[in-house]
Amino acid sequence: MSAGLNLFLVVSAALFAVGAFAVVARRSTIAMLIGTQFMFAAGAIAFVAFGRFGPGATAMDAGPAVALLVSLTGAAELAIGAAMAVLLYRDNRTFFLDSDGE
Amino acid sequence: MRTFGNLLAFSPELWLLAGAMVVFLLARFAPGTTTTAALVALVGAFLALATQFKQTITILDGAFTLDGFAVVVDVVILAAAALTLLASRADVLPGESPAPAVPGFFLLATLGALLAASAAEIVSVFLSLELLAVNIYILSALARRGSGAISASLGYLALGIASSGLLLYGMALVFGLSGQTNLTAAGRALASVNPNQAAVLLALSLLLGGFAFRLGLLPVRWWTRGFEVGIPLRVVVFVETAGVVAAFAVFGRLAVATFSGTRIAYPAVIAVVAAVAMTAGNLLALTQTSVRRMLAYSGIAQAGFALMAFTDLRRVGISALLVFLVALSLTGLGAFGTVVAYARSVHSDAIRDLAGMARWSPGLALALALALLSLAGLPPVAGFFGKLLVLQAAVDGGYVWLAVIGVANIALAAFGYLRVIRTAFLDSPVFEVAPVRLDGGIRAAVSLASAGIVFMGLLMGPLYAAASYGRAALLH
């Protein structure tokens with residue numbers, strides 16, 4: 001059983017790392033937004049895995065419930081981010097954030 | 001039906017929600033009245049909150065706990081939001097047509113902040129913080145100033161969502177280690193089953209990392225683009241007052257309920273972060289040439305100072321934190337309000353352009369001086385009392401070295417801010433300034449904030465009693 005938990009945690013940590021890398025290292029808005037969704041998905045997977053295999057036998061439904069709400073908020077934020085990306089493209093004809101404005 | 005039995009305890013939040021809906025409708029039919037409607041909703045929420053003093057109510061099966069701590073924090077958040085709204089109309093630049101729905105998003109963000117202050121479950125903490133954050137993202141993108149503005153909002157959004165991701169992962173670890181979603185129950189489980197200490201420390205680090213953005217510990221360079229471009233100052237003021245207060249409230253509850261029983265050295269972790277943030281924030285603030293940037297960076301130092309209170313959570317830490325948050329809100333509103341008001345006249349927020357401020361608008365110069373003194377933590381204004389209590393907490397918690405760094409930072413900050421005050425009062429003006437007539441809203445906001453900064457010392461007795469009440473409610 002605990003091998004299952006470790007497998008899920010490894011997957012989730014990998015997703016998290018990929019997402020964090022995309023947010024930090026990419027200047028393209030689209031890549032950054034996708035990266036944030038990777039981070040959210042990683043958290044949701046960790047919640048579900050802990051709910052199924054972790055010590056939370058008393059709260060079996062808690063993990064999936066959190067995951068559901070997290071994906072909803074993630075979608076809401078992605079919608080706002082995508083709207084902003086469209087505005088950025090309209091202003092600048094590019095999806096890249098300008099890095100000069102220090 | 002016990003779950004929904006006491007939904008009326010949500011009445012302040014319901015006022016804000018109803019107010020936001022009314023504002024969104026009015027934005028369509030009577031766009032001039034939305035700010036007033038939003039202020040009415042805030043006052044209504046405050047009155048509704050006043051009926052809930054002195055009781056502890058759990059709502060939705062313990063997802064929210066409206067205790068004394070939450071009530072004290074709610075009062076601070078509502079006051080900060082009301083003053084921000086009052087000042088916000090003056091921040092509209094000539095030629096800028098603000099969306100009339102803006103006050104509605106302020107109300108929804110305030111709603112998120114209130115919910116966050118009373119959230120007692122992992123899910124409710126996350127959702128209410130997201131409600132706050134999402135509305136701030138919208139607010140930051142609604143008024144676009146200059147071509148770089150939307151880029152600033154997007155950078156802010158990406159960083160915000162990424163820090164939410166860190167927060168979520170930290171919460172997942174807490175859930176995984178304890179098997180509980182309730183913060184208090186999770187803390188009890190973490191204290192009793194004695195899980196892997198490295199994992200608990202990792203969870204705390206992830207949570208601190210996620211909160212760092214919301215507490216104002218990160219240099220958000222997108223805010224400091226300069227005057228008349230980037231994110232409007234009214235949004236920055238809201239984030240630096242109500243947003244920071246809500247984040248500290250959540251982090252305080254989390255630290256007390258979940259981590260104070262564990263065996264990891266959490267005060268040591270927080271002390272190191274606090275020391276670095278204070279020093280770095282003050283050094284960065286000192287090197288700035290614009291008041292707006294200086295205030296933004298000094299926000300980092302303020303957040304670091306507030307974190308010092310976490311070294312002594314079991315005793316006076318929470319009382320000190322609450323008093324400090326009151327001082328922080330008043331100071332932030334006073335300082336940013338003055339900058340907004342004066343920048344209308346001089347069309348600049350460079351420090352050297354403050355020269356002659358005492359001659360052109362003596363009232364604003366006085367307000368700025370008071371706010372800067374309070375920011376530095378010099379007696380006898382508000383910031384001094386907050387910092388004194390926090391230093392006391394650090395010493396009581398056994399972190400004398402941290403208190404020494406804190407005092408050194410007060411000296412450093414005083415040097416920097418007195419320089420600005422000297423420019424405003426003594427330097428001879430570079431150019432003639434015709435003071436712009438300010439609307440009543442920002443006058444009221446700046447006067448109220450300045451009065452609060454001056455008189456907080458006199459009201460320390462009742463204020464400290466309220467803070468101790470909040471602390472007692474949190475510690476049971």
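The questions below go from the chains to their contact and then to single helices and residues of this predicted model.

Biologist: How many helices and strands does chain A have, and in what pattern do they follow along the sequence?

Modeller: In the predicted model, buried residues make up 43% of the 102 residues in chain A, and residues 24 or more positions apart account for 52% of its contacts with a separation of 6 or more. Chain A has 3 helices and 0 strands, and read along the sequence its pattern is α-α-α.

Biologist: Is A:D61 buried or exposed?

Modeller: A:D61 sits in the loop between α2 and α3 of chain A, and its C-alpha atom is separated by 46 Å from that of A:R93, which is 32 residues away along the chain. Around A:D61 there are 10 other C-beta atoms within 10 Å, and a residue with 12 or fewer counts as exposed. A:D61 is therefore exposed.

Biologist: Which helix gives the largest share of the side of chain A that touches chain B?

Modeller: The contact takes 40 residues from chain A and 30 residues from chain B. On the side of chain A, the elements that give two or more residues are α1 (2-25), α2 (29-53) and α3 (62-92). By class, the residues on this side of chain A divide into 25 nonpolar, 11 polar and 4 charged. The largest share, 16 residues, comes from α3(A).

Biologist: How are α2(A) and α6(B) oriented to each other?

Modeller: The axes of α2(A) and helix α6 (residues 149-178) of chain B come within 9 Å and cross at roughly 10 degrees. Angles under 35 degrees count as roughly parallel, and α2(A) and α6(B) are therefore roughly parallel to each other.

Biologist: Which classes of residue make up the contact of α2(A) with α6(B)?

Modeller: From α2(A), the residues that make the contact include A:M32, A:M39, A:F40, A:F47 and A:F50. From α6(B), they include B:L154, B:I161, B:L168, B:Y169 and B:F175. Taken by class, the contact of α2(A) with α6(B) has 15 nonpolar, 5 polar and no charged residues.

Biologist: How does the radius of gyration of chain B compare with what the globule rule gives?

Modeller: The secondary structure of chain B comes to 18 helices and 2 strands, and along its principal axes the C-alpha trace spans about 70 × 55 × 45 Å. Buried residues make up 63% of its 476 residues, while residues 24 or more positions apart account for 81% of the contacts in chain B with a separation of 6 or more. For 476 residues the globule rule gives 23 Å, and chain B is close to this value, so it is as compact as a globular protein of that length, with a radius of gyration of 21 Å.

Biologist: Where on α7(B) do its buried residues lie?

Modeller: The buried residues of helix α7 (residues 183-193) of chain B are B:L183, B:A186, B:G187, B:A189 and B:L190. They cover an arc of only 165 degrees around the axis, which puts them on the same side of α7(B).

Biologist: Against which helices do these buried residues of α7(B) pack?

Modeller: After α7(B) comes B:N194, whose phi is positive, near 55 degrees. The buried residues of α7(B) pack against α6, α8 (197-215) and α9 (233-259) of chain B.

Biologist: How is α9(B) oriented to α12(B)?

Modeller: α9(B) and helix α12 (residues 313-346) of chain B pack with their axes 9 Å apart and at an angle of about 175 degrees. Residues of α9(B) such as B:V237, B:V244 and B:F248 are among those that meet residues of α12(B), including B:L321, B:L328 and B:F336. The residues of this contact divide into 16 nonpolar, 4 polar and 1 charged. Angles over 145 degrees count as roughly antiparallel, and the angle between these helices makes α9(B) and α12(B) roughly antiparallel.

Conventions. Residues are numbered from 1 along each chain as its sequence is written. Chains are lettered from A and ligands numbered from 1 in the order in which they are written. This is a predicted model: local features need pLDDT of at least 70, side-chain atom pairs count only at pLDDT 80 or more; totals for chains, interfaces and linings use all residues. Two residues are in contact if their C-beta atoms, placed from the backbone, lie within 7 Å. Helices (H or I, at least four residues) and strands (E, at least two) are DSSP runs, numbered from the N terminus. Ala, Val, Leu, Ile, Met, Phe, Trp, Tyr, Cys and Pro count as nonpolar, Asp, Glu, Lys and Arg as charged, and the others, Gly among them, as polar. Axes are lines fitted to C-alpha atoms, for helices over the stretch in contact, and angles run from 0 to 180 degrees between N-to-C directions. Angles under 35 degrees count as roughly parallel, over 145 as roughly antiparallel, 65 to 115 as roughly perpendicular and the rest as oblique. The radius of gyration is taken over C-alpha atoms; the globule rule is 2.2 Å times the number of residues to the power 0.38. A residue is buried if 20 or more other C-beta atoms lie within 10 Å of its own, exposed if 12 or fewer, and partly exposed in between; C-beta atoms are placed from the backbone. The arc is that of the directions from the helix axis to the C-beta atoms.
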